[in-house]
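Thanks for passing this one along. Here are a few notes to read with the viewer open.

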Amino acid sequence: MTATRVCALSELEQDAARRFEVEGVPIAVVLDSNGEVHAIGDTCTHGDISLSEGFVEGETLECWAHGSAFSLLTGRPLNLPAYEPVPVYVVEIDGDDVLIDPNLKKEV
């Protein structure tokens, strides 16, 4: 499989998440305050809630419904009630294009 263009880098807002569906996989894409782009599974492991509707702080994305914060680097929850990690995907930047392959997960 190859990476799919999900958006332009210039379309991402700093410290905010956007939801994309790539080959049927919901993915939250975040441009953090350091200018790094992260892609993690968009569904909270505590409940069927979209993480992209949550809050970005540093290198975490917090679920708006129950407050679990997930590491953008590892996908691991940093607090309860979630205890299962979400997948973290490899992001490629090609010029202004943000590319993600939903079959290529980061080794964490």
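1. First, a reminder that we are looking at a predicted model. Around them, strand 1 and strand 9 (residues 97–105) are paired in the antiparallel sense over four bridges.

2. Zooming out, the sheet is open and built from six strands, in the order 1-9-8-4-3-2, with antiparallel pairing. Strand 1 (4–8) and strand 2 (16–22) are at the edges with a single partner strand each, so one side of each has no neighbour in the sheet. On average, neighbouring strands of this sheet are turned by 30 degrees against each other, direction ignored.

3. Next, have a look at strands 8 and 9. They run antiparallel and are joined by five bridges, with V91 having I100 in strand 9 as its bridge partner. The two strands make a hairpin with two residues between them, and G95 in the turn has a positive phi of about 70 degrees.

4. Strand 8 (residues 88–94) also pairs with strand 4 (residues 37–41), again in the antiparallel sense, over two bridges. Here A39 has Y89 of strand 8 as its bridge partner.

5. Now for the packing. The largest nonpolar core has 15 residues, and those touching the most other members are V30, I40, C44, L51, L61 and F70. Leaving aside residues up to four places away in sequence, C44 touches I49, L51, C63 and F70. There is also a second, separate core of 13 residues, with I27, L31, V98 and I100 among them.

Conventions: Residues numbered from 1 in each chain as written. Predicted model: local features only at pLDDT ≥ 70, side-chain atom pairs only at ≥ 80, totals over all residues. Heavy atoms only, no water. Pairing = 2+ DSSP bridges. Axes fitted to C-alpha atoms, helices over the stretch in contact; angles between N-to-C directions. Core = buried A, V, L, I, M, F, W, Y, C linked by side-chain atoms within 4.5 Å. Buried < 20%, exposed > 50% of the residue type's maximum accessible area, 1.4 Å probe, protein only. Contact = heavy atoms within 4.5 Å.
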